[in-house]
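Me: Hi! I'm new to this one, could you walk me through a few spots in it?
Reply: Happy to, let's have a look together.

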Amino acid sequence: MKRIVTALILIPTVSYAVLGEWEWLFLLILTAVAVLCFYEYEGIVAAHGVERPGPMGYVLGLAVLLTSGSQFTPALIALTALVLALRAANLRNALSQASAMTLGVIYIFGAWRCAIDLRAVSKWWLLFALALNWAGDIAAMYTGRAIGKHKLAPRISPGKSWEGAVASTVASMAFGAVYAYYLLPAVPIYWVLLLAGLGNIAGQLGDLCESALKRGAGLKDSGTLLPGHGGWLDRVDSSLFALPVVWFLLQSLERWAK
């Protein structure tokens with residue numbers, strides 16, 4: 001019940017922020033979620049025995065999130081993180097600290113930067129990218145419970161099945177087709193199906209990757225802020241992978257169409 005109540009609050013709130021006219025409200029909510037995700041990511045890093053990225057991780061991440069253009073490329077992020085790691089008390093830890101900061105900044109703040117860029121193209125494209133995995137998660141959960149027999153990744157997430165994964169992808173593609181028919185009618189259907197299918201697969205991989213990070217750290221959830229869902233990172237792990245993939249594919253298809 002807690003999981004359902006939390007979803008019933010989050011989904012309308014996120015949809016309102018995405019589709020509303022107040023840009024400042026969208027950026028405020030997005031920034032808050034990104035910061036909370038990074039905070040939980042720091043907890044996972046610490047559980048792995050690596051020093052937390054600390055305040056400079058947030059500074060670098062917010063710069064990536066709120067600065068448009070290509071000023072903060074992955075290479076510049078990695079170089080900055082490596083320079084910051086020179087402060088490590090034990091230089092044997094410099095590599096792991098720099099790696100943790102680089103991954104966290106790109107993984108979390110870089111993904112949410114794609115959300116801003118998608119919204120700049122169209123609010124409906126951003127909602128499309130977010131809702132894909134909402135639909136897919138529901139299908140995976142019920143299908144997995146009903147007929148799931150073949151484990152998808154038992155070492156990482158024992159509850160997931162291949163049947164649920166396939167149902168998730170099919171549901172996302174069906175959702176995407178219906179969504180685009182009404183809200184993105186000018187977009188070719190094969191674009192929609194490609195974006196929905198690959199976006200969903202990326203989201204499922206995002207879920208598995210976050211689970212692997214937690215399992216390696218001996219954690220069940222990334223946090224406790226969302227009743228029934230664990231932490232924010234647990235709730236948006238799929239979106240953190242789906243958003244960059246949908247953004248990249250959309251840009252590629254538009255260039256190809258020209």
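Me: Which residues does Arg119 touch, not counting residues up to four places away in sequence?
Reply: Arg119 touches Ala17, Val18, Gly20, Glu23, Phe26 and Leu126. Keep in mind that this is a predicted model.

Me: Thanks! And where is Arg119 found?
Reply: Arg119 is part of helix H5, which covers residues 94-121.

Me: Is Arg119 buried or exposed?
Reply: Buried: the relative accessibility of Arg119 is 9%, and the cut-off for buried is under 20%.

Me: What about Phe26, where does Arg119 lie relative to its ring?
Reply: Arg119 lies over the face of Phe26, 4.5 Å from the ring centre.

Me: Switching to aromatics: how many aromatic pairs are there in the whole structure?
Reply: A search of the whole structure gives 10 aromatic pairs. One of them joins Phe175 and Tyr179, with ring centres 5.5 Å apart and planes at 45°, so this pair is tilted.

Me: Where do Phe175 and Tyr179 lie?
Reply: Both are in helix H7 (residues 162-183), four residues apart, or about one turn of the helix. Phe175 is partly exposed at 26% relative accessibility, while Tyr179 is buried at 8%.

Me: How are the rings of Tyr181 and Tyr182 arranged?
Reply: Their centres are 5.0 Å apart and their planes are at 85°, so the pair is edge-to-face. Tyr181 and Tyr182 are both exposed.

Me: Last one: which residues do ring pairs link into a cluster?
Reply: That cluster consists of Phe38, Tyr41, Tyr58, Tyr107, Phe109 and Phe241.

Conventions: Residues are numbered from 1 along each chain as its sequence is written. This is a predicted model: local features need pLDDT of at least 70, side-chain atom pairs count only at pLDDT 80 or more; totals for chains, interfaces and linings use all residues. Side-chain values use heavy atoms; hydrogens and water are left out. Helices (H or I, at least four residues) and strands (E, at least two) are DSSP runs, numbered from the N terminus. Buried means under 20% relative accessible area, exposed over 50%, partly exposed in between (1.4 Å probe, protein chains only). Contact means heavy atoms within 4.5 Å. Rings of Phe, Tyr and Trp (its six-membered ring) pair if their centres lie within 6.5 Å; planes under 30 degrees apart count as stacked, over 60 as edge-to-face and the rest as tilted. A charge sits over a ring if NZ of Lys or CZ of Arg is within 6 Å of the ring centre and within 35 degrees of the ring normal.
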